[in-house]
Amino acid sequence: MPQSRPLRSLKVGDKAIIAQVNAEGELGRRIRDMGLVPGAEVEIVGRAPLKDPVALRLRGFTLSLRNNEADNILVATPEE
Amino acid sequence: MTNASQNVSAASAPGKEPGKGSGKDAALSTYTIALAGNPNAGKSTLFNALTGARTHVGNYPGITVEKKVGQVRTSDAVLNVVDLPGTYSLTAYSAEELVARDFLVEERPQAVVDVLNAGSLERNLYLAVQFLELGIPVVLGLNMMDEARKMGMVVDAKRLGELLGCPAVELVARTGTGVRELTAAATRLAKERQGRWKPVEISYGPDLDPVLAEMSAAIMTKSFLSSRYPARWVALKYLENDSQIRELGVQADPVLSAWLEERAAHVAAHLRTTLSTYPEAVIADYRYGFIASVLKGGVVTRDNLGDRLAFSDRLDQVLTHKLLGPVLMLGVLYLVYQITFTVGKVPMEWTQNLFALMAKLVEGALPEGLLRSLLVDGIIAGVGGVMGFVPLVMLIFLLIAFLEDSGYMARIAYMLDRVFRIFGLHGCSVMPFIISGGIAGGCAVPGVMASRTLRSPKERLATILTAPFMTCGAKLPVLILLASVFFPDSQAQVLFGMTLLGWAMALAVAWMLRSSMVRGEATPFVMELPPYRLPTWRGLAIHTWERTWQYMKKAGSMILAVSIVVWAAMTFPGVDEDKAASFEAAKAEIAAKIEAIEAPAAPGTAADSKDEAPALGSEAPAQGEEAATAQAAEPEGLDALKEKLADIEKREAAEGLSASLAGRLGASLEPLTRYAGFDWRTNIALVGGFAAKEVIISTLGTAYSLGKVDKDDAAPLAEMLSAEGLTVAGGLALMVFILLYSPCFPTVVAIGKETGSWKWSVFSMTFNTVFAYGLAVAVFQFGTRLF
Ligand SMILES: Nc1nc2c(ncn2[C@@H]2O[C@H](COP(=O)(O)OP(=O)(O)O)[C@@H](O)[C@H]2O)c(=O)[nH]1
Ligand SMILES: [Mg+2]
């Protein structure tokens, strides 16, 4: 059983699978519209110079979101 | 604003009018085709490939979302192509999404062309699925097939079309490949469906399907909102908490609407307790599930995803690097500024010279008087002042278009977001600030317009309202002049300080606004970082031209009226009759003296020249000598007299200005502005500066009886200002005030248009002026005690 943890805790280069999105309203809608729904594979491809927005790769494109927004997303990482 | 649609109906008229056009034309049917798609899918590129230059740009009524309409004529139809705003979804959260949805529902185009980026089909199809659920006839345009193919991706458009039940065409919008097939497919579909909608039903699983069925049945029996939306779609929107549909529902049938809301709330509660999820989440899951199953059904048969974005990723490793990234970004921003103002200066001088020439011609052709003054000092100076900026604005827009189309703009926002968020702004706020003069010398009009790239309304408003604090190119010469008078040894530092002050005040006021009048949660940053691409010349040219043309229209139409008003305020009512008479008398007296000096030479030459006109030129030197001897004899020489005459004229101009409306306003404001160290003459100049900031110098010149002061050679004014006892503290206060007070009129107009409300124009005029006054008083009072 893989563990769930916040997306924020991933490092650049890590891959994970979205487990849960705990955001409602506009933020939730935007996150989901972009394809961040449970089951989607994501990879952290970078962080901005001030560490804050994070850049993810999913479904063939690159998406950026802020850390506090990423906190609403739980991911499952394959156990190492 | 309805211009675009009117133009279209006018343009399509020949098709309906047998008398006009060829007989073949008369048989053509006209269809409206909407272009939709995710941002960066290549919609603009396709639109341009389809319609060429025959487009009309306007706005959707009431909001600032751009609406572009163009026309395509094929052998069997006329297509009016409407470019919908780029969106990821059809919810009611953003203006763009609402515009797209309302257009589809209200205008009922015969077909929608959904432009998809073949490289990220999964996400792009999310919008397509929503079109299909709405039932509108859809043609899928799989764009960027060149990229997809090159990187080893195999996509089967035909199979995709079969699975989704709509035509699908492969495209390379950039080269025009497939565009013909696309128009053919759209025309065929429009003919076939004749505007009928066929909603597609997607299963939303055991938790939602039953309740959706129950809700749609009730909606159907009551024909609830059925003239506009399919029943199941309405039910879905109730589950999704869609604010617009719920409002419409309450108006249409409050009882049914309440019942639907109750059902939706019930399901939501159930989902929360049993699965700790929300209806919206379930709906999105199933949509993506549906898309995944379609793509697995033989649509995408090979995809080396890693390779496809490898180039972009490698660039990002450098361009958004922890240390290199910000350094390179500063370099790029500096370059944008340098190119604009070194290259842009040349054509800007041409346009300014052109207007100067026009002014000269008019001056030569008309006798002195009100009409000439109106034309030269009012209209040509005012309109010329704004149009002089056109080359500069064009260049800025070209560079912005390059940054946007290449994908770098998104990276700038990404890197700076953390900083701007502190002040309640957004990473994308940086560009409007820079263009407005964040690197000294921009212009707030295109700056305010550049805020369009911001998709978050609150951050956008705060950006628009604070961008005019920057040191724009019109404030710059005024600040340079004042710096040279009051800080001759540290001009550069003072100017740099002013630029920094502009930034500090913009950010501070943005923060103030975002914690008071424009309060609210930060808009989510969730933003795509598109892959880097080399922009096309054609795309750049079209983007640049569209925006420049809008600037010219906006600034040009209003500035004419304002130039006239400002000119009138500075001319009327003028000096009273006695004064005017005494000036005339003084002038006449000196003119007579000049004539008297010139006279002795006159009789002889005049007599000779009657029959020997050509000889006049050769006699001129002799005449000059005679005048010289006369001058030596007379205590008042000819040159001195001429100077005296000019002096009187300057004094007359100054008196006229002080007696004008603007002058009286300046004088009546003096008790107030005294605390900031400004006298009435400065006040007049500041009032004039509302038309355009560079006017401040020339108005000061007139007020100080210096006649016309050229902004490139303002040394006499500088001397005068220090001689008239303006102190260092007063000078500094004046600089601060000029930096921060009301935006110039063209900017105020741009603010009104971009925010969609004149309320914000008025706000920026009053707030900025009061704010600037407060600071100026503080600087003056503090400075006077300090120095
Ligand atoms: N390789 C490739 N690039 C394209 C194609 N169509 C558009 N682009 C590029 O994709 C970028 C975004 O295009 P644009 O039309 O501005 O997208 P929009 O946001 O949907 O209007 C631009 O740099 C275009 O030059 C295409 O078919 N192939
Ligand atoms: Mg576009």
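**Aromatic rings and the ligand shell**

Modeller: Start with a cluster: Phe469(B), Trp760(B), Phe763(B), Phe767(B) and Phe771(B) are joined by ring pairs. Rings of Phe, Tyr and Trp (its six-membered ring) pair if their centres lie within 6.5 Å; planes under 30 degrees apart are stacked, over 60 edge-to-face, and the rest tilted. The model is predicted: local features need pLDDT of at least 70, side-chain atom pairs count only at pLDDT 80 or more, and totals for chains, interfaces and linings use all residues. Residues are numbered from 1 along each chain as its sequence is written, chains are lettered from A and ligands numbered from 1 in the order in which they are written, and side-chain values use heavy atoms, without hydrogens and water.

Across all chains, the whole structure holds 13 aromatic pairs. One of them joins Phe224(B) and Tyr238(B). This pair is tilted, with 6.4 Å between centres and 45° between planes. Phe224(B) sits in the loop between α9 (205-221) and α10 (231-239) of chain B, while Tyr238(B) is in helix α10 of chain B. The two are 14 residues apart. Helices are DSSP runs (H or I, at least four residues), numbered from the N terminus. Phe224(B) has 3% relative accessibility, so it counts as buried. Tyr238(B) is buried too, at 0%. Buried means under 20% relative accessible area (1.4 Å probe, protein chains only).

Next comes Phe678(B) with Phe737(B). Their centres are 5.4 Å apart and their planes meet at 70°, so the pair is edge-to-face. Phe678(B) lies in the loop between α31 (661-673) and α32 (680-688) of chain B, and Phe737(B) in helix α35 (residues 728-740) of chain B, so the pair ties together parts 59 residues apart in sequence. Both residues are buried.

Now the ligand. Ligand 1 is surrounded by 17 residues (a heavy atom within 4 Å). The closest are Asn40(B), Lys43(B), Ser44(B), Thr45(B) and Asp146(B). α3 (43-51) and α6 (145-150) of chain B each supply at least two shell residues. α3(B) gives the most, with three.

A backbone N or O atom of Asn40(B) is 2.7 Å from an oxygen of ligand 1. For a backbone N or O atom of Gly42(B), the distance is 3.0 Å. A side-chain N or O atom of Ser44(B) is 2.6 Å from a ligand oxygen. Alone, ligand 1 exposes 580 Å² (Shrake-Rupley, 1.4 Å probe). The protein buries 91% of that.

Definitions and conventions. A polar contact is a pair of N or O atoms within 3.5 Å; within protein, one must be able to donate a hydrogen and the other to accept it, and residues adjacent in sequence count only if both atoms are side-chain atoms. Buried means under 20% relative accessible area, exposed over 50%, partly exposed in between (1.4 Å probe, protein chains only).
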